[in-house]
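Work through each task before reading its solution.

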Amino acid sequence: MKPILFISDLHLCVSRPHINRVFFTFMERIATKAQALYVLGDLFEYWAGDDDLDDSFNAQVISAFRSLTENKVALCIMHGNRDFLMGEAFARACNAQLVPDPSLIDLYGTPTLLMHGDTLCTEDTAYQTFRAQVRNPAWQKTFLAQPLAERKVAIEKVRTQSEQEKGQKSEAIMDVAPASVEKILREYHYPRLIHGHTHRPAKHLHQLDGKTCERWVLSDWYKHGEYLRCDESGCGAIKL
Ligand code: LP5
Ligand code: MN
């Protein structure tokens, strides 16, 4: 059976030509041989709204996704903390399905929970407050009603503030909180967990209530550069 691939945290943007080349090559040579590709958030450095679909770089990414789905590879995209404004118009343009965070899937017989990962960083209270605000549908409606150029200026301000604040936060605060990982594993009856966001690629084994749960943390593409390949014999991280 063909494999299922998982990627996240590519942070694609015009100013990172190297990663963009890696992405387009990955799409052409590797993703086309899979049965499905899951993008678990932060595909883009940021997404300002679906009225930016015609931007020439965005259009190239969308066209690569379209070619993939025309080759009968299923494409599932989850929001990250940087591209949660990707909407149905974006999904339609790519011929992708936008999937909720979290999503429980049957991965070759193993229940597997997919997340971006930011909701597990519960000790980062400043971020969680910001998140609650920008994920509020009423806030999003008001924000999306502003002109695209103004939205981009506002996003640049948030990016600068976020970088400043990250410099003051400890590594532990910006990682997933162990208690939140255990909570979600219990809630979903001890699945395998795959998530990104923290940029700390690893395979963890959680011993919980007499069960063992695998937790795969996906790699980002600008510091590390790996994808996760799963088939009936299990999962493994592969260097790009
Ligand atoms: O992404 P990463 O890993 O670098 O950092 C995240 C958290 N930061 C963010 C911000 C994004 O990186 C950049 C913004 C993306 C664009 C979104 C589009 C729409 C929003 C537009 C808003 C105008 O998510 C970072 C975490 C880190 O992960 C680790 O988990 O620590 O969180 C922060 O640094 C957030 C700060 O602590 C709080 C920021 C407050 C900004 C307030 C600006 C004014 C209010 C604007 C209206 C809501
Ligand atoms: Mn993220």
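**Exercise 1.** Determine which spacing the donors of the manganese ion (ligand 2) follow along the chain.

**Solution.** Along the chain, the donors of the manganese ion (ligand 2) follow the spacing D-x38-N-x34-H-x80-H. Donors are N, O and S atoms within 2.8 Å of the metal (3.2 Å for Na, K and Ca); water is not among the atoms, so sites may look incomplete. The coordinating residues are Asp42 (OD), Asn81 (OD1), His116 (NE2) and His197 (ND1), at 2.0 to 2.3 Å. Asn81 lies in the loop between strand E3 (74-78) and helix H3 (88-94), and His197 in the loop between strand E7 (192-195) and strand E8 (202-208), so the pair ties together parts that are 116 residues apart in sequence. Helices (H or I, at least four residues) and strands (E, at least two) are DSSP runs, numbered from the N terminus.

The model is predicted: local features need pLDDT of at least 70, side-chain atom pairs count only at pLDDT 80 or more, and totals for chains, interfaces and linings use all residues. Residues are numbered from 1 along each chain as its sequence is written, chains are lettered from A and ligands numbered from 1 in the order in which they are written, and side-chain values use heavy atoms, with hydrogens and water left out.

**Exercise 2.** State how far an oxygen atom of ligand 1 is from an N or O atom in the side chain of Asp124.

**Solution.** For Asp124, the distance is 2.6 Å. For the side chain of Asn81, the corresponding distance is 2.8 Å. A polar side-chain atom of His197 lies 2.9 Å from an oxygen atom of ligand 1.

Note on methods. Polar contact = N/O pair within 3.5 Å; in protein donor to acceptor, adjacent residues only side chain to side chain.
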